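The entries below follow the order in which I looked things up.

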Amino acid sequence: MKIQVIYSSLSGRTEKLARAVADETAKKYECSLHNLKDGTPTLDGEVILLGYWVDKGGPNKEMKQFMETVEGKAVGVFCTLGAYADSAHAIHSIEAGIDCVKEKNIVIGSYICNGALSEKIIEMFRKNGKEGTHSASPENEIRWKVMANHPTKAECDLGAERFIERIWIYEEHKKQNLIFKSVLLN
Ligand SMILES: Cc1cc2nc3c(=O)[nH]c(=O)nc-3n(C[C@H](O)[C@H](O)[C@H](O)COP(=O)(O)O)c2cc1C
């Protein structure tokens, strides 16, 4: 079974995660890695893992547009973001990605991962002063300091583990003629 990991990344965080997922997946399955920046890939895999950086609470524009073209695949969705990965905003941001693919595909799993704001964005926010969401508030400064090194190796490994397990589970369901709904189960 062929797996395609397709991602979009502005400052390299999502790329780091996508590479880790693809490298680990390639140890068990035929797997290719594609950066959307290099053009639109031909979708010849059965499982498509789609990675985006969160922009305004959802997939970045290029990935969102691409996601809407994916049809009839087993799909996994992952993202990196500047907010805490266990925040309501993060959950909303991954749900926004799932929403782009859930009607036309089987969603086998998802993974939210802490990313980091680029130094350029942080400098821009620092110019906004210390008040408000997009400012250099003391709370934001603390988060930026910790998040600067994310995604960590542990987070990348967990992402890879998540999807390798889900691919296997998807295969098992297929063998038994079961539909695997994963994240869409209530
Ligand atoms: C224009 C812009 C908008 C962003 N919007 C959000 C957002 O709504 N929520 C969030 O948590 N992070 C947001 N971020 C942070 C990025 O999602 C985060 O830094 C991500 O890890 C970047 O991934 P990349 O290095 O692959 O580009 C935004 C970053 C940029 C540049």
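**Entry 1: secondary structure and overall build.** I began with the secondary structure of the protein chain, which comes to six helices and six strands, and I kept in mind throughout that this is a predicted model. Reading along the sequence, I wrote down the pattern β-α-β-β-β-α-β-α-β-α-α-α. I then looked up the radius of gyration, which is 17 Å, close to the 16 Å that the globule rule gives for 186 residues, so the chain is as compact as a globular protein of that length. The C-alpha atoms fill a box of roughly 55 × 30 × 30 Å along the principal axes. For burial, I noted that 46% of the 186 residues count as buried. I also checked the contacts between residues at least 6 apart in sequence, and found that 76% of them join residues at least 24 apart.

**Entry 2: domains.** How does the domain assignment divide the chain? It gives domain 1, made of 2-115 + 151-180, and domain 2, which covers 117-149. Taken over C-alpha atoms, the centres of domain 1 and domain 2 are separated by 27 Å. Where the two are in contact, I noted ten residues of domain 1 and five residues of domain 2.

**Entry 3: the largest pocket.** Sorting the lining by class, I recorded ten nonpolar, twelve polar and five charged residues.

**Entry 4: Ser 11.** I looked up Ser 11, which sits in the loop between β1 (2-7) and α1.

**Entry 5: backbone details.** Before listing these, I reminded myself that most residues other than glycine have a negative phi, and that most peptide bonds are trans. A cis peptide bond joins His 150 and Pro 151, with omega at about 0 degrees, and Pro 151 has its place in the loop between α5 and α6 (153-175).

Lys 56 has a phi near 50 degrees, a positive value in a residue other than glycine. I located Lys 56 in the loop between β3 and β4 (58-59), and at 79% relative accessibility Lys 56 counts as exposed, the cut-off being over 50%.

Asn 177 likewise has a positive phi, near 55 degrees, and is a residue other than glycine. I found Asn 177 in the segment after α6, where its relative accessible area of 71% makes it exposed.

Note on methods:
Residues numbered from 1 in each chain as written. Predicted model: local features only at pLDDT ≥ 70, side-chain atom pairs only at ≥ 80, totals over all residues. Heavy atoms only, no water. Nonpolar A, V, L, I, M, F, W, Y, C, P; charged D, E, K, R; others polar. Helix = DSSP H or I, 4+ residues; strand = E, 2+ residues; numbered from the N terminus. Rg over C-alpha atoms; globule rule 2.2 N^0.38 Å. Buried < 20%, exposed > 50% of the residue type's maximum accessible area, 1.4 Å probe, protein only. Contact = heavy atoms within 4.5 Å. Domains from an automatic or database assignment.
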